[in-house]
Amino acid sequence: MTPSSTTRGNASRSVRLGAGSGFSGDRIDPAEKLARRADLDYLIFECLGERTVAAGNSRRLENPDAGFDPLLAARMRAVLPHTLASGTTVITNAGAANPLAAAKLVTGIASRSVDRDVRIAAVTGDAVLEQVLRHDPVVWETGKRLSEHDEMLVSANAYIGAEAVIPALKLDADVVVTGRLADPSLYVAPLAHHFGWDLADHDIIGAATAIGHLLECAGQLTGGYYADPVTKPVKGMADLGFPFADVLADGSATFGKLDGSGGILTERTCAEQLLYEVGDPTSYLTPDVTADFGNVSFTGVGPDRVAITGATGRPRPQQLKVTLGFRGGWLGEGQISYAGPRAYPRAQLAADIVTERLVDVHGFPEDAVSVEYIGAGAAFRGLDTDTDAHEVRVRVAARARTREEADLVGWEVESLYTNGPAGGGGARRSSTEVLAIRSCTLPRDLVSTRVHLTEVPK
């Protein structure tokens, strides 16, 4: 059967999309349960944020065969025996900074999973370092042209959309691995492919974007980020079920989760997730559409079943957002705990000692050193400090030019064991290369994507 006839044959029935992950470090067992029990058409793994794509680029700078999501192999080993046997297509942006290497890894796992031909597609083109350097855009955070920055730009990844993935689906790929594909586009692509939607139909793509936005964070929709033990209790969170959606050709959908799984799925959990990371609900910008969530409504249609209607859209932006990665030196860190009477004053003294030594002995600029008192109000950034706290963990961090300089921070914290103040314990130290993250936009006509298909014979 040709891809086009497959699409026409499927357009009359609903399609079921499952959320396999909501971020790079997400759990794996809920995805395996969806793959095994949910009768999915598509299983989606959303694994990228600005921080994680930067981390991927950092790993690739050290090893050209690295750069994809660290849990990719574990995820694929868990779900591919089920998805390949059932015909469920897997789509993921876990390729991060190296989709080709990620696809090679998946190919090896898939070839051992079932006794049939397997197709693995990698989508490239989101890496736009050369285009950005030529275009010299304004960097959002500084308001200056890229060429005016002293730091070395080492990576640039554009947020690509559904149109980059649909060609891979038309090739009947069993697994599609991408780089910086926008979160909702992971879901828009299979919906548009399945139903044969025109990507220029703004209202239907706006509806699909709302569905993708609700599913993209996985367990957040089923009570994870919603839960509070006093005001919003959620049962069974240790076995939180990840959501799926049954979508019709008109863009309407019903969300659900596996019967017997933990968590809840209600109009309230959906409403909270709809507004998650959305500045203006009437103008949610993605590579596919300017989505309008202003008239969205949710209706409970059964236990842990919620229907959505009302999302629309307007034409997509002509500029694509790009995440920029600059070499930003190193970050040295040390932590140590103080407990019991006068824990906070002793923690303050410890921080003062380390700061003074970093500045006076090792030559750190004073403004390069930062201190937090964890347990005494660190999360409030000094607005509410508990000076009577019975346990305080001091965190001293400092920016450095080299790893050797960064190592000095943890060393000075650890030296407090015998150099005072009294009662310090549990010291930890680390040094990490910093890839500073900033953003810009790039005209979409400067971004060109490509599908690389690997066929594994049985």
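Colleague: Starting with the term, a salt bridge is a side-chain nitrogen of Lys or Arg within 4 Å of a carboxyl oxygen of Asp or Glu. How many salt bridges does the structure hold?

Modeller: The structure holds 23 salt bridges. Keep in mind that this is a predicted model.

Colleague: Let's take Arg 395 and Glu 333. How do their side chains meet?

Modeller: They meet in a salt bridge, at 3.2 Å from N to O. Arg 395 lies in strand E16, residues 391–400, and Glu 333 in strand E14, residues 319–339, so the pair ties together parts that are 62 residues apart in sequence.

Colleague: Are those two buried or exposed?

Modeller: Arg 395 and Glu 333 are both buried.

Colleague: What does Arg 395 form with Glu 372?

Modeller: Another salt bridge links Arg 395 to Glu 372, with the closest N and O atoms 3.4 Å apart. This pair also links distant parts of the chain, with Arg 395 in strand E16 and Glu 372 in strand E15, residues 369–374. They are 23 residues apart.

Colleague: Why does Arg 395 count as buried, and why is Glu 372 called partly exposed?

Modeller: Buried means under 20% relative accessible area, exposed over 50%, and partly exposed in between. Arg 395 has 18%, so it is buried. Glu 372 has 21%, so it is partly exposed.

Colleague: Which residues do salt bridges with shared partners join into one network?

Modeller: The network joins Glu 333, Glu 372, Arg 381 and Arg 395.

Colleague: Next pair. What do the side chains of Arg 116 and Asp 174 meet in?

Modeller: Arg 116 and Asp 174 form a salt bridge of 3.0 Å, N to O. Both sit in loops: Arg 116 between helix H5 (99–111) and strand E4 (118–124), and Asp 174 between helix H7 (166–170) and strand E6 (175–178). The pair therefore ties together parts that are 58 residues apart in sequence.

Colleague: And what is the accessibility of Arg 116 and of Asp 174?

Modeller: Arg 116 has 27% relative accessibility, so it counts as partly exposed. Asp 174 is buried, at 12%.

Colleague: Switching to the surface. Which residues form the negative patch?

Modeller: Asp 352, Glu 356, Asp 360, Glu 366 and Asp 367 form it. Asp 360 is in helix H11, residues 343–360. Its relative accessibility is 57%, so Asp 360 counts as exposed.

Colleague: Zooming out, how many helices and strands are in the chain?

Modeller: The chain has 13 helices and 18 strands.

Colleague: What about overall dimensions? How far does the C-alpha trace span along its principal axes?

Modeller: About 75 × 55 × 45 Å.

Colleague: What is phi for Asp 39, and for Ala 218?

Modeller: Asp 39 is not a glycine, yet phi is positive, about 55°. Ala 218 is also a residue other than glycine, and phi there is near 50°.

Colleague: Where is Asp 39 found, and where is Ala 218?

Modeller: Asp 39 is in the loop between helix H2 (29–37) and strand E2 (42–45). Ala 218 is in the loop between helix H9 (202–215) and strand E7 (243–247).

Colleague: Buried or exposed, for Asp 39 and for Ala 218?

Modeller: Asp 39 has 68% relative accessibility, so it is exposed. Ala 218 is at 0%, so it is buried.

Colleague: What separates the C-alpha atoms of Ala 19 and Ala 31?

Modeller: They are separated by 7.3 Å, and the two residues are 12 apart along the chain. Ala 19 lies in strand E1, residues 15–21. Ala 19 is buried too, at 0% relative accessibility.

Methods. Residues are numbered from 1 along each chain as its sequence is written. This is a predicted model: local features need pLDDT of at least 70, side-chain atom pairs count only at pLDDT 80 or more; totals for chains, interfaces and linings use all residues. Side-chain values use heavy atoms; hydrogens and water are left out. Patches are made of residues with over 30% relative accessible area and no salt bridge: like charges are joined within 9 Å, nonpolar side chains (Val, Leu, Ile, Met, Phe, Trp, Tyr) within 5 Å. Accessible areas come from the Shrake-Rupley method with a 1.4 Å probe; for residues, only the protein chains shown count as cover. Lys and Arg count as positive and Asp and Glu as negative; His and the chain ends are not counted. The place of a charge is taken as NZ of Lys, CZ of Arg, CG of Asp or CD of Glu. Helices (H or I, at least four residues) and strands (E, at least two) are DSSP runs, numbered from the N terminus. Buried means under 20% relative accessible area, exposed over 50%, partly exposed in between (1.4 Å probe, protein chains only).
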